[in-house]
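Subject: Structure handover

Hello,

Here is the structure for your files. My notes on it follow below.

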Amino acid sequence: MTSNVHHEPRFEQTAADRLGDEISELCGYINAATCHLLELMREFDENQYWAEQGFKSCAYWLNFRCGVGFGAAREHLRVAKALAGLPKISEEFADGKLSFSKVRALTREVTYHDDDDRSHRRQSLVLTMAGRRVRPFQR
């Protein structure tokens, strides 16, 4: 005997759905805030305000004032400077659509492509990055 039970689609949100939505929303806010932070860092560095306070570089200032490691500080400043020439990627980052990790990878990508091309290629980059993370576990 076969069952003729018809399952209606689920419309109510589960606790997992609500929690997942909240996490995703907060990540968007963090991404947007990180973009703003990088803009401030770039301005601080370009105006050499760190020198006025007796530091030999912005990375040293970030380490002392904000507790950012030297390597991380240099990388944040590199990305911040690169974003100045990438308005479309900057806009997506400011809107919370891109994480710092993705923006960092995009700013390291081939520098010969223009910003429009990079913005359109970000989805394939995300898939490539995901593939690299998953590959070791597929064996």
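**Salt bridges and the residues around them**

Lysine 81 is partly exposed, with a relative accessible area of 47%; here buried means under 20% relative accessible area, exposed over 50%, and partly exposed in between, with a 1.4 Å probe and protein chains only. Before the rest: this is a predicted model, in which local features need pLDDT of at least 70 and side-chain atom pairs count only at pLDDT 80 or more, while totals for chains, interfaces and linings use all residues. Residues are numbered from 1 along each chain as its sequence is written, and side-chain values use heavy atoms, with hydrogens and water left out.

The structure holds 4 salt bridges, a salt bridge being a side-chain nitrogen of Lys or Arg within 4 Å of a carboxyl oxygen of Asp or Glu. One of them joins the side chains of lysine 81 and aspartate 45, with 3.0 Å from N to O. Lysine 81 belongs to helix α4 and aspartate 45 to helix α1, so this pair ties together parts that are 36 residues apart in sequence. Helices (H or I, at least four residues) and strands (E, at least two) are DSSP runs, numbered from the N terminus.

Aspartate 45 counts as buried, at 12% relative accessibility. Leaving out residues up to four places away in sequence, aspartate 45 touches Trp50, Cys58, Leu77 and Lys81, where contact means heavy atoms within 4.5 Å. Glutamate 46 is also found in helix α1, but at 54% relative accessibility it counts as exposed. Between glutamate 46 and cysteine 58 there are 12 residues in sequence and 9.2 Å in space, C-alpha to C-alpha.

Glutamate 75 is buried, with a relative accessible area of 12%; arginine 78 is partly exposed at 24%, and arginine 104 is partly exposed at 36%. Through shared partners, salt bridges join Glu75, Arg78, Arg104 and Arg108 into one network.

**Chain as a whole**

The secondary structure comes to 7 helices and 0 strands, in the order α-α-α-α-α-α-α along the sequence. Of the 139 residues, 29% count as buried. The chain exposes about 10,000 Å², and carbon and sulfur atoms supply 54% of that area; accessible areas come from the Shrake-Rupley method with a 1.4 Å probe, and for residues only the protein chains shown count as cover. Among contacts in the chain with a separation of 6 or more, 49% are between residues 24 or more positions apart.

**Nonpolar core**

The largest nonpolar core has 22 residues, and those with the most contacts inside it are Leu38, Leu62, Leu83, Ile89, Phe93 and Val103. By nonpolar core I mean a set of buried Ala, Val, Leu, Ile, Met, Phe, Trp, Tyr and Cys residues joined through side-chain atoms within 4.5 Å. The elements that give two or more residues to this core are α1 (15-46), α3 (58-66), α4 (70-83), α5 (87-94) and α6 (100-108). Of these, α4 gives the most, with 5 residues.

**Helix α3**

In α3, the residues Cys58, Ala59, Trp61 and Leu62 are buried. Seen down the axis of α3, its buried residues fall within an arc of 160°, so they line one face of the helix; the arc is that of the directions from the helix axis to the C-beta atoms. The buried residues of α3 pack against α1, α2 (49-52) and α4.

Serine 57 caps the N-terminal end of α3, with a side-chain oxygen 3.3 Å from the backbone nitrogen of alanine 59. After α3 comes glycine 67, whose phi is positive, near 75°.

Regards

Methods: Polar contact = N/O pair within 3.5 Å; in protein donor to acceptor, adjacent residues only side chain to side chain.
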